[in-house]
Amino acid sequence: MRISHRTPEGNEAYPHEIPQFGLGVFLMSEGGECKSSVLNALDAGYTHIDTARVYANESEVGQAIKESGVNRDSVFITTKLRRGHATGYEDTLEHCKKSLELLDMEYIDLYLVHAPPEDPEHRMPVWKAMEHCLEQGWVKAIGVSNYGAAHLEAMKDYASYMPCVNQVEFNPWLQRPQLKQAIEDAGAKVMAYSPLARGHKVDDPQLAEIAQRLGCTPAQVAIKFCYDQGCITIPKSSNPERIIENLASLEVDISEEMDAILALEENYVSGWDPTTEP
Ligand SMILES: NC(=O)c1ccc[n+]([C@@H]2O[C@H](COP(=O)([O-])OP(=O)(O)OC[C@H]3O[C@@H](n4cnc5c(N)ncnc54)[C@H](OP(=O)(O)O)[C@@H]3O)[C@@H](O)[C@H]2O)c1
């Protein structure tokens, strides 16, 4: 999938190709867990890893990429500026360089502001620094995470490059049509995190029925739903079989059950939701 940044003149800047499916590595904090999961995922055919400074595993992601022997150019690495680090221009530059060092890479494919900086005064300088990281080539693309429509709207006053993605919770139980529209109107793609609602919903009886009718697993229905809605989709698993099962979602045709999946909507937030903060 192609991502790019809209300029105030309405042009596209810094286009980049992103694999629409990847492995999330949140809550892989046991030593070695992230590294072995990334190695299993690469072996299964994954080409995109979504990490963050706050996950404390960027170095394991970097080690796995090296050990796997894959070319740096054939994998896509997303990481994020920790919210507590999003406190100003210089801090942002410093933390981008630190992530490069931890990953032991020459560039990051996609660098995200993990959530709107808590102090609204910090939002502009943090984004200006993100733009600097882009112009320097330290990162190939920049975006945001957990930004609501109002946060995106405010960016139009100061961004030379609008974000190319907004990573937000998105799944059959939280479909966010208005937020999705606002993201697309800003020229960005939705990146769906927690496509399984952090595992809270994989045992949902209605989901199980849909999966049974389709002849696939419940997790595959939820993952393919996010994907078919046009979202970049990044389920997490540390389990080698589930890593393969989740990638195989892409082969499943869910179109006949779309109405039943759409009816699962219940505005369920599985973790946090800074999109509604002021
Ligand atoms: N930007 C943000 O604020 C933010 C917030 C949350 C997440 N994220 C990103 O999005 C990624 C995914 O979200 P998430 O980790 O919150 O949750 P998720 O992907 O919705 O769910 C992960 C949970 O589901 C289980 N699971 C995975 N595949 C399964 C399958 N096929 N069948 C049954 N259970 C399965 C996992 O257990 P096993 O590991 O044991 O398989 C884990 O407990 C994260 O890793 C992270 O990269 C970003």
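Asparagine 146 places a polar side-chain atom 2.9 Å from an oxygen atom of the ligand, a polar contact (a pair of N or O atoms within 3.5 Å). This is a predicted model: local features need pLDDT of at least 70, side-chain atom pairs count only at pLDDT 80 or more, and totals for chains, interfaces and linings use all residues. Residues are numbered from 1 along each chain as its sequence is written, and side-chain values use heavy atoms, without hydrogens and water.

**Contacts with the ligand**
- Valine 25 has a backbone N or O atom 3.3 Å from an oxygen atom of the ligand.
- Asparagine 246 has a side-chain N or O atom 2.8 Å from a nitrogen atom of the ligand.
- The protein buries 87% of the 890 Å² that the ligand exposes when taken alone (Shrake-Rupley method, 1.4 Å probe).

**The shell around the ligand**
- The ligand is surrounded by 29 residues, each with a heavy atom within 4 Å of it.
- Asp50, Leu196, Lys236, Ser237 and Arg242 are the closest.
- Twelve shell residues are nonpolar, eleven are polar and six are charged; Gly counts as polar here.
- Helix α9 (residues 240-247) gives the largest share of the shell, three residues; helices are DSSP runs (H or I) of at least four residues, and strands (E) of at least two.

**Aromatic pairs**
- The whole structure holds four aromatic pairs (ring centres within 6.5 Å).
- Tyrosine 14 and tyrosine 161 form one, 5.4 Å centre to centre.
- Their planes are 85 degrees apart, so the pair is edge-to-face (over 60 degrees).
- Tyrosine 14 lies in strand β2 (residues 12-17), and tyrosine 161 lies 147 residues away in the loop between α5 (149-155) and β8 (165-169).

Notes:
A polar contact is a pair of N or O atoms within 3.5 Å; within protein, one must be able to donate a hydrogen and the other to accept it, and residues adjacent in sequence count only if both atoms are side-chain atoms. Rings of Phe, Tyr and Trp (its six-membered ring) pair if their centres lie within 6.5 Å; planes under 30 degrees apart count as stacked, over 60 as edge-to-face and the rest as tilted.
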